[in-house]
2 protein chains.
Amino acid sequence: MPTRVFSRYIVLVLIFVTVIAALGRDRQENLAARARQIFGPLPSVMTSAKNAITPEKTRLGKMLFYETRISADGTVSCSRCHPLSLYGADGLRKSIGVQLRISLRNAPSVLNAAAQIAEHWVGNRADVEDQAAQSLLGVPSFGLPSGASAEEKLKSIPGYADLFKAAFPSGGDPLTAENFGKAVGAFERTLVTPAPFDAFMDGDSSALNDREKNGLRTFMDGGCTGCHFSPYLGGQIYQKFGLVEEYWKFTKSDPVDGGRITVTKNDADRYFFKVPPLRNVAETSPYFHDGSVDDLSEAVRIMGKTQLGRDLAKEQIGDITAFFQSLTGKIPEDALRLPVLPSSR
Amino acid sequence: MPTRVFSRYIVLVLIFVTVIAALGRDRQENLAARARQIFGPLPSVMTSAKNAITPEKTRLGKMLFYETRISADGTVSCSRCHPLSLYGADGLRKSIGVQLRISLRNAPSVLNAAAQIAEHWVGNRADVEDQAAQSLLGVPSFGLPSGASAEEKLKSIPGYADLFKAAFPSGGDPLTAENFGKAVGAFERTLVTPAPFDAFMDGDSSALNDREKNGLRTFMDGGCTGCHFSPYLGGQIYQKFGLVEEYWKFTKSDPVDGGRITVTKNDADRYFFKVPPLRNVAETSPYFHDGSVDDLSEAVRIMGKTQLGRDLAKEQIGDITAFFQSLTGKIPEDALRLPVLPSSR
């Protein structure tokens with residue numbers, strides 16, 4: 001081959017490579033841009049107009065999160081069902097509270113939980129503050145007969161008087177069950193877990209590997225983001241579990257849970273559940289409202305069948321679960337530091 | 001008064017003040033020196049010839065300390081009965097483990113626990129390693145049928161294989177119930193809590209206030225250190241609870257616990273218990289082997305009656321409990337940092 005022809009050949013190859021690289025970059029930028037548009041940036045804390053986050057409140061809230069002494073049998077705290085060591089969930093199908101009473105549904109992670117339309121699988125808690133305050137009452141959580149009983153127990157631990165006063169400086173007696181909820185809620189509002197996926201949306205294309213990028217693409221193209229949107233990839237709407245096919249045929253759920261109809265008594269809400277956020281999903285097996293499925297790939301396969309009426313290919317399921325790995329985030333250091341609680345007397 | 005007489009008067013006063021101050025210093029130095037002799041310095045970690053402490057082992061041990069997934073019902077970990085938030089004990093008269101089974105005796109603090117002659121109130125666990133490994137078996141703790149069952153559960157969590165290998169690099173399969181005990185034990189050997197009392201013994205006379213110094217003096221002069229010696233103020237010998245008077249007359253214990261005789265079957269051990277260490281005692285109510293007494297002053301009063309045959313004066317009891325406040329120590333920062341556990345699958 002003459003040198004001249006060879007040079008031309010080289011130039012053509014270089015142009016080709018440059019164009020492909022540019023297209024790849026474009027495709028890459030498009031993927032991150034599309035993701036940013038669908039999901040949006042993760043905030044540093046999940047603020048609330050009704051519950052200002054102050055250092056005094058989150059400090060108290062973290063203490064109360066570990067406070068077993070106020071539960072009916074002295075063994076239950078928020079951490080019992082939502083241990084941060086296990087990404088804010090307990091790994092059980094259904095949690096076990098006082099008197100060995102079993103929860104109605106699977107304990108969702110407390111991480112990134114405060115920015116949802118409502119709390120619990122069927123939305124029967126308005127927000128994290130409401131969830132925390134109501135958890136004090138009855139089985140299967142703390143097992144107390146009333147808010148007053150919680151207040152009495154908190155007042156029996158002398159150190160809490162000043163801590164509640166500092167956290168709730170205005171108004172009357174600060175040591176109330178409602179303020180227990182607000183303090184715990186304020187702490188929970190700090191539990192945001194930035195992950196490699198956020199670095200990717202922020203422009204670091206190396207934060208996701210090729211398989212994870214394919215998974216993200218499949219997740220967006222396949223219709224999953226119709227429900228799993230927002231920075232939390234869920235938590236914003238209710239949706240019927242089993243839009244296309246009845247869910248219990250796949251999950252083997254027994255009994256079948258009617259979902260949100262149990263709260264609203266509205267027949268239109270039968271089998272509706274809150275769409276769960278997917279942050280740290282790879283770490284919070286088992287899945288679904290009843291913890292009926294252990295395996296993440298199987299959970300993805302079931303979603304394809306029941307919600308989209310599709311048989312996702314093994315490759316697609318693998319890509320999506322790979323993408324889910326990139327949602328495993330970093331729990332804030334301060335949240336991981338165990339508080340030392342005030343003395344019993 | 002003539003100036004010369006006044007000057008002489010001033011000189012006399014100065015001499016008097018100097019002598020008093022010197023005597024005070026001497027008395028002060030004597031108190032710290034006596035304390036050093038009786039108690040000795042607190043080590044930074046509680047080493048063991050049988051279980052070398054390595055960073056890999058303590059790291060794994062801290063994870064296993066919070067590992068609920070290996071318990072029979074998925075709710076029990078070491079932290080259930082020994083939460084560091086409550087100074088390593090659970091505040092209950094008797095702990096509640098799997099199946100709501102209640103422990104035979106009060107859960108002692110896991111802080112500063114590794115340097116005792118043996119573990120548990122009656123010494124039926126050789127050391128912290130033995131205690132941790134045996135806690136896996138049966139009710140009322142983890143509730144597993146065998147060590148093999150614990151190993152199987154640990155092996156079902158893929159991330160533990162490498163962590164055990166790093167902690168136990170030599171020998172065969174590192175993932176054993178025995179090594180669970182060694183890893184947890186190594187972590188527990190780091191749980192030493194230096195307190196104001198140590199600063200006082202080290203020469204900082206301001207670390208204790210006058211009441212606390214009086215309490216220390218009373219504690220040493222009154223005979224308490226006959227049993228409560230060593231840097232841990234106990235944990236070194238067995239002693240009869242009720243040397244002078246039967247303990248249950250004061251504690252209202254029901255049933256009456258025979259103590260160490262239940263282990264040795266030796267009649268000489270009836271009502272003998274291990275002398276509990278007193279570090280952080282002000283934070284670890286309730287007291288005695290059955291948690292029968294809530295109040296620290298009452299516990300001190302009872303000790304005077306049952307062990308010394310003395311009615312301690314209210315002032316003396318107040319001084320001793322004030323001294324006990326100076327035993328409340330600082331939990332190591334690293335121990336307070338919650339570990340994030342390996343994924344279930």
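## A helix pair in chain B

Contact here means heavy atoms within 4.5 Å of each other. In this predicted model, contact of that kind joins two helices of chain B, with Leu296(B), Ser297(B), Val300(B) and Arg301(B) in H12(B) meeting Ile317(B), Ile320(B), Thr321(B) and Phe324(B) in H13(B). By class, the residues of this contact divide into five nonpolar, two polar and one charged.

Helix H12 of chain B covers residues 296-308 and helix H13 of chain B covers residues 314-325, and the two pack at an angle of about 120° with their axes 9 Å apart. That angle makes H12(B) oblique to H13(B), and the crossing in which H12(B) passes H13(B) is right-handed.

## The largest cavity

The structure holds four cavities of 30 Å³ or more, and the largest cavity has a volume of about 470 Å³. Its lining is made up of 26 residues, of which Ser79(A), Arg80(A), Ser77(B), Ser79(B) and Arg80(B) lie nearest the centre. The elements that give two or more residues to this lining are helix H3 (78-81) of chain A and helix H3 (78-81) of chain B. Sorted by class, the lining of the largest cavity has 10 nonpolar, 12 polar and four charged residues.

## The second largest cavity

The second largest cavity, with a volume of about 70 Å³, is lined by 13 residues, and those that lie nearest its centre are Leu86(A), Glu283(A), Thr284(A), Arg69(B) and Ser344(B). The lining of the second largest cavity divides into five nonpolar, five polar and three charged residues.

Methods. Residues are numbered from 1 along each chain as its sequence is written. Chains are lettered from A and ligands numbered from 1 in the order in which they are written. This is a predicted model: local features need pLDDT of at least 70, side-chain atom pairs count only at pLDDT 80 or more; totals for chains, interfaces and linings use all residues. Side-chain values use heavy atoms; hydrogens and water are left out. On a 1 Å grid over the protein atoms alone, a cavity is a set of points where a 1.4 Å probe fits but cannot get out, and a pocket is an open set with protein on both sides within 12 Å along at least five of seven lines; lining residues have an atom within 4 Å of a point. Grid points are joined across faces, edges and corners, and a volume is the space filled by probe spheres set on the points. Helices (H or I, at least four residues) and strands (E, at least two) are DSSP runs, numbered from the N terminus. Ala, Val, Leu, Ile, Met, Phe, Trp, Tyr, Cys and Pro count as nonpolar, Asp, Glu, Lys and Arg as charged, and the others, Gly among them, as polar. Axes are lines fitted to C-alpha atoms, for helices over the stretch in contact, and angles run from 0 to 180 degrees between N-to-C directions. Angles under 35 degrees count as roughly parallel, over 145 as roughly antiparallel, 65 to 115 as roughly perpendicular and the rest as oblique. A crossing is left-handed if the near helix is turned anticlockwise from the far one by less than a right angle, and right-handed if clockwise.
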